[in-house]
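Visitor: Hello! I am new to protein structures and would like to learn how to read one. Could we go through it together?

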Amino acid sequence: GLGAFGINLASQIQSTRIGLETMLGSAENAKSLMKEVTAFAKKTPFNRLELFDYAKQLTGAGIAQKDMIGTLNKLGNVASAFNAPLQNIITNYGEIRAGNRAMTRDIREFSNKGIPMWEKLAEKMGITVAELQRGIDTQKIKVDFEDIDTILTQMTSKGGLAFDVMAKKSKTFDGALSNIQDTFESVMLKFMGVDDKRGWIF
């Protein structure tokens, strides 16, 4: 019933907060980030629970707290523009960030989602896609995290393929449904006496 749902929801959020406390070094940092993500979620087609998980995943990969909302915004726009699962984009991006290098399989992950990463990287380097692929395979060309991040930033900047797509999708039926879900969850938590004023969750 609703009671069990509320308890499970509170448990999920508290678990995320505890994990972020460990990663960020303090309860205050964890609460601050979760509040930022909650506010950010209202402007996206994604619900806050999944964004909490993504923030935790990106924190583990080395993304700084001050860069978190910008990173979620960038990756969310890319996922929305190419109708790709945000979870996959986050995982791939995080793995590249953690290793500070993109291998063929990492770039292929973007390509398989319809994201023209090969083409954009080759264009940036002034070579063909075939030359880029051959160079990576023979280890004569190294693609760093910064190279990948630069391409994604360009795609999501004004005039780019993925500029502001997430905001537009948040106004669609699915996006509105996600925000309604967040609102319902907030009401449910407050009804149980679990909210930011009491400090039990945030």
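Visitor: Is Asp 144 buried, partly exposed or exposed?

Guide: Let us begin with the terms: buried means under 20% relative accessible area, exposed over 50%, and partly exposed in between, with a 1.4 Å probe and protein chains only. Asp 144 counts as partly exposed because its relative accessibility is 26%.

Visitor: What kind of model am I looking at, and how are its residues numbered?

Guide: This is a predicted model with residues numbered from 1 along each chain as its sequence is written, and side-chain values use heavy atoms, leaving out hydrogens and water. Local features need pLDDT of at least 70, side-chain atom pairs count only at pLDDT 80 or more, and totals for chains, interfaces and linings use all residues.

Visitor: What is the average pLDDT of the protein?

Guide: pLDDT is the predictor's confidence in each residue, from 0 to 100. The protein averages 84, and 78% of the residues score at least 70. Over residues 196–200, though, the pLDDT is below 50. That stretch has nine contacts in the model beyond near neighbours in sequence, where contact means heavy atoms within 4.5 Å.

Visitor: How many helices and strands are there in the protein?

Guide: Helices (H or I, at least four residues) and strands (E, at least two) are DSSP runs, numbered from the N terminus. The protein has eleven helices and two strands. Read from the N terminus, the order is α-α-α-α-α-β-α-α-α-β-α-α-α.

Visitor: And what share of the residues is buried?

Guide: Of the 202 residues in the protein, 44% are buried. Among contacts with a separation of 6 or more, 65% are between residues 24 or more positions apart.

Visitor: How many salt bridges are counted?

Guide: Here is the general idea. Side chains of opposite charge can pair when their charged atoms come close. The rule asks for a side-chain nitrogen of Lys or Arg within 4 Å of a carboxyl oxygen of Asp or Glu. By that rule there are six salt bridges. One of them joins Asp 144 and Lys 142, at 3.7 Å from N to O. Lys 142 has 49% relative accessibility, so Lys 142 is partly exposed.

Visitor: Which residue forms a salt bridge with Glu 21?

Guide: The partner of Glu 21 is Arg 17, with the closest N and O atoms 2.4 Å apart. Both lie in helix 1 (residues 2–24), four residues apart, which is about one turn of the helix. Glu 21 is partly exposed at 22% relative accessibility, whereas Arg 17 is buried at 12%.

Visitor: Which parts of the chain does the salt bridge of Asp 149 and Lys 74 link?

Guide: Asp 149 and Lys 74 meet at 2.7 Å, N to O. This pair links distant parts of the chain: Asp 149 is in helix 9 (residues 145–156) and Lys 74 is in helix 4, 75 residues apart. Asp 149 is buried, with a relative accessible area of 14%, and Lys 74 is buried too, at 11%.

Visitor: How should I read an aromatic pair?

Guide: A pair of aromatic rings is described by the distance of the centres and the angle of the planes. Rings of Phe, Tyr and Trp (its six-membered ring) pair if their centres lie within 6.5 Å; planes under 30 degrees apart count as stacked, over 60 as edge-to-face and the rest as tilted. This structure holds one aromatic pair. The rings of Tyr 93 and Phe 145 have centres 5.2 Å apart and planes at 70°, so the pair is edge-to-face. Tyr 93 lies in helix 5 (residues 86–99) and Phe 145 in helix 9, so the pair ties together parts that are 52 residues apart in sequence. Both Tyr 93 and Phe 145 are buried.

Visitor: What is the phi of Asn 100?

Guide: Most residues other than glycine have a negative phi, and most peptide bonds are trans. Asn 100 has a positive phi near 55° and sits in the loop between helix 5 and strand 1 (101–102). Asp 164 is not a glycine either, and has a positive phi of about 60°. Asp 164 belongs to the loop between helix 9 and helix 10 (165–169).
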